Amino acid sequence: MNPIHLQTLLAIVDEGSFEDAALTLGVSPSAVSQRIKALEKETGRVLLRRGAPVTATEAGEVLVQAARRMALLQAETLATLRGRIARVPLSVVVNADSLATWFCRVLADVASWDTATLTLRIEDESHSLNLLRSGDVLGAVTREKNPVSGCESIELGHMRYVSVANPWLLDRYTIDGQIDWAKMPALRFGPRDALQDDDLKGRVDEIPNNRRISQIPSAEAFMEATRVGLGWSFLPLQQAQPLLESGEITRLDDTVLEVPLYWQRWRLESPALERLTASVIEASESLRY
């Protein structure tokens, strides 16, 4: 199997289009198209879904995984031969709450390495394994304990969340000492953020369909939206603590929701991936207390 064809397939999946892949590879879009046609002819499979963005088919995902492994090992070899000048690409998926808190220590570690480049994908921790299965990333912070085929799973600890709101919002939706959970506006990070819905199942008989829910897909903006009273939310305790101490937000109850986190990574002989794994485990120390 031609390594250049695999490299081209990987570039298309990473960039999302034939044209952008051509710019990255420094060749014409026609050359990119010809390489993929040759690879599909050789494998006897359709490897890409020609959409916007272009994505890999099930057969294509198998080759994308192989191409990414090849790219990592090749980069590490070149880095050694060239006196550690070449870059070693490390792609990781992490949830926004982790990135805004403990995972920042990983960024500081990688910054001190001579050759590594880090590509982060933001995804809810319950859905990050899809990117690992498809070969889009080498490692994932996930709440799934069971390892993906070809990967190993390492327990990191627990993210601790508390339900909080601006004090005036709480007062407005408190009647006779009871919170009106069904009517109080809520915040959601994204369409896959189910923390509030899961929590409400024990608080209301039936979750109404017309709830006021604001969607804020940024960890910093999500915290600010909570602070100003756009809705109540679950915030990581580590992130909420300063606002709780200042009185800008208040706890809605004493419940602490613990979400287990795991580091899943490809089972691959790679010094860079081993180093990244060690950094993730060290950075997650706060999750174990």
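## Salt bridges in this model

A salt bridge here is a side-chain nitrogen of Lys or Arg within 4 Å of a carboxyl oxygen of Asp or Glu. By this rule the count comes to 8 salt bridges.

You're looking at a predicted model, where local features need pLDDT of at least 70, side-chain atom pairs count only at pLDDT 80 or more, and totals for chains, interfaces and linings use all residues. Residues are numbered from 1 along each chain as its sequence is written, and side-chain values use heavy atoms, with hydrogens and water left out.

## Arg-50 and Glu-40

Arg-50 pairs up with Glu-40 in a salt bridge, at 3.0 Å from N to O. The two sit in distant parts of the chain, 10 residues apart: Glu-40 in helix H3 (residues 29-43), and Arg-50 in the loop between strand S1 (48-49) and strand S2 (55-56). Helices (H or I, at least four residues) and strands (E, at least two) are DSSP runs, numbered from the N terminus.

Glu-40 counts as buried, because its relative accessibility is 15%. The cut-offs are under 20% relative accessible area for buried, over 50% for exposed, and partly exposed in between (1.4 Å probe, protein chains only).

## Glu-282 and Arg-105

Glu-282 makes a salt bridge with Arg-105, with the closest N and O atoms 3.9 Å apart. Glu-282 is partly exposed at 46%, and Arg-105 is partly exposed at 40%.

## Glu-224 and Arg-227

Glu-224 and Arg-227 meet at 2.7 Å, N to O, in another salt bridge. They're about one helical turn apart because they sit 3 residues from each other in helix H10 (residues 219-228).
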